[in-house]
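My notes follow in the order I made them.

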Amino acid sequence: MFDYKNQDDYGLKNVDANGIGTKCFQYKLMFPPQHQNSQPGFEYLMRPLPIFDNPNYKGSGKLKDKVAIITGGDSGIGRSVAVFFAKEGAKLVLVYYDEEQDAKYTKEYVEKLGAEVLLISGDLRNSKFSSEIVDKTLRRFGKIDVLVNNAGVQFVQKSLLDISDKQFDDTMKSNIYSMFYLTKAVLPHLKSGASIINTTSITTFKGEKELIDYVSSKGAIVGFTRSLATNLALQNIRVNAVSPGVFWTPLQPASWPPEKIPTLGADSDMRRAGQPYEIAPIFVYLASDDSTYTTGQVFHVNGGEYKG
């Protein structure tokens, strides 16, 4: 059995006093062919494992005592956001689908950083589940300060004609309906200074020929973010979005065929995929008082857009 808790498997053995740098990325530049047959994927099955923590990042209490709900918080970008929020003093509610092993590991990891954690498993496509999340959060922590809508799925199809009605429904319900449901359930409990952060995608702005329904859902997130930000501005509730490029998360092997995996991110200026820890700090900024005059914005973290 793979030793999931061996930090060397994360490439952290190559970290030096200057931070996670070229040594680590030489190790992480290419990924072996692999595929998972379920969405949104399992992190513990990935080879190599994503790098979700930067041990050189030291929190300063920016989120002390804030309560943050993070969907897709078991793995990938969501896990890294949970780790960085924990370092900044946040109390965490990690929402996930069925990734029990990943979720338990994330919980153990952030608890060692001093965070209080509540795990909630369920299907965000069901609007009633959003009410359950809010109820459990309020019973445990008494308030909600930050909502990170991060969960999502993507299915690869070569043609629009290959996208079934069921797939289209699943994509939309997982990626945008769920965001609508949970944000609506959380909103009555948010006070002045609260922050909503939505995860969209670089594909919204450049297109992706084999992800038509996914890109459509991510485009909807941008519109949702900007309109809601305008709607809530006078209540001093901020709404922003983060637009990742290609990151090494479970969504990649769960989506793409094995032969696509080794070249992920090769079309960026940096010629590589990002690691989750490289995007988490922007979520900290948007969740904290550092961003009190920032709303309705989309933050791009994508390694540059190489045109070839």
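Entry 1. I began at serine 195, which stands opposite arginine 238 in β6. I am working from a predicted model, in which local features need pLDDT of at least 70 and side-chain atom pairs count only at pLDDT 80 or more, while totals for chains, interfaces and linings use all residues. Residues are numbered from 1 along each chain as its sequence is written, and side-chain values use heavy atoms, with hydrogens and water left out.

Entry 2. I then looked up the pairing of β5 with β6: the two run parallel and are joined by 5 bridges. I take strands as DSSP runs of E, at least two residues, and helices as runs of H or I, at least four, numbered from the N terminus. Two strands pair if DSSP finds at least two bridges between them.

Entry 3. I checked the cover of β5 and found 5 of its 5 residues buried (under 20% relative accessible area with a 1.4 Å probe, protein chains only; exposed is over 50%, partly exposed in between). Ser195, Ile197 and Thr199 lie on one side of β5, Ile196 and Asn198 on the other.

Entry 4. On the β4 side, I noted 4 bridges to β5, again in the parallel sense. Asparagine 198 in β5 is the bridge partner of asparagine 149. From β4 the chain crosses through helix α5 (residues 165-186) to β5, a right-handed β-α-β crossover; right-handed means that, with the strands pointing away from the viewer, the path from the first strand over the helix to the second runs clockwise.

Entry 5. Is asparagine 149 buried or exposed? I find asparagine 149 buried, at a relative accessible area of 3%. This residue belongs to strand β4. Its side chain makes a polar contact with the side chain of threonine 183 at 3.1 Å (a pair of N or O atoms within 3.5 Å; within protein, one must be able to donate a hydrogen and the other to accept it, and residues adjacent in sequence count only if both atoms are side-chain atoms). Leaving out residues up to four places away in sequence, asparagine 149 touches, among others, Thr71, Met179, Leu182 and Ile196; contact means heavy atoms within 4.5 Å.

Entry 6. I traced the whole sheet: 7 strands, open, parallel, in the order β3-β2-β1-β4-β5-β6-β7. β3 (117-121) and β7 (298-301) each have a single partner strand, so one side of each is left without a neighbour in the sheet. The twist averages 15 degrees from one strand to the next, with axes fitted to C-alpha atoms, for helices over the stretch in contact, and angles from 0 to 180 degrees between N-to-C directions.

Entry 7. Helix α7 (residues 212-232) touches β5, β6 and β7, at about 165 degrees to β5.

Entry 8. In helix α9 (residues 280-287), 6 of the 8 residues are buried, so the helix is largely enclosed by the rest of the structure. The buried residues include Ile282, Phe283 and Leu286. They pack against α2, β4, β5, β6 and β7.

Entry 9. For the record, the protein chain has 9 helices and 7 strands, and 54% of its 308 residues count as buried.
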